[in-house]
Amino acid sequence: MASVSLPPRLVRERRTNPARSCPAHRAWVRKHRCSVPGCLAGPIECAHVRTGTDGGIALKPSDRWTISLCRAHHAEQHQIGEPAFEIRYGLDLVALAEVFARRSPHRRVLTI
């Protein structure tokens, strides 16, 4: 009987769009305190702002639209939704993400 062997496995490359992803910018954002006024909690996470940005259905917004939030506020942002989160804390998340992007040392990599 002839020997049977499997064909070689495919090696799939991860598709990452460098214009949408900037790990260095995300790390820089995480070095800030929580963006909610008066919050000193940690750890800090990099939160993507979805409403009014370049995200879409099943598409996370680019890293240009990130802000610093503590873990609890990041969870709350997703739980109650961005419009309610902005009202509750008096924030403009899009404007805040724009300030983070403009001041980032990695701004040239971000699509501004």
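This is a predicted model: local features need pLDDT of at least 70, side-chain atom pairs count only at pLDDT 80 or more; totals for chains, interfaces and linings use all residues.
Biologist: Why is the pair Arg-26 and Asp-63 called a salt bridge?

Modeller: The side chains of Arg-26 and Asp-63 come to 2.3 Å, N to O, and because the label asks for a side-chain nitrogen of Lys or Arg within 4 Å of a carboxyl oxygen of Asp or Glu, the pair qualifies as a salt bridge. This pair links distant parts of the chain, with Arg-26 in helix H1 and Asp-63 in the loop between E1 and E2, 37 residues apart.

Biologist: How do you know whether Arg-88 and Glu-76 are buried or exposed?

Modeller: Arg-88 has 51% relative accessibility, and exposed means over 50%, so Arg-88 counts as exposed, whereas Glu-76, with a relative accessible area of 13%, falls under 20% and is therefore buried.

Biologist: What makes Arg-88 and Glu-76 a salt bridge?

Modeller: Their closest N and O atoms are 2.3 Å apart, and the cut-off is within 4 Å, so Arg-88 and Glu-76 form a salt bridge. Arg-88 lies in helix H3 and Glu-76 in helix H2, so the pair ties together parts that are 12 residues apart in sequence.

Methods:
Residues are numbered from 1 along each chain as its sequence is written. Side-chain values use heavy atoms; hydrogens and water are left out. Helices (H or I, at least four residues) and strands (E, at least two) are DSSP runs, numbered from the N terminus. Buried means under 20% relative accessible area, exposed over 50%, partly exposed in between (1.4 Å probe, protein chains only).
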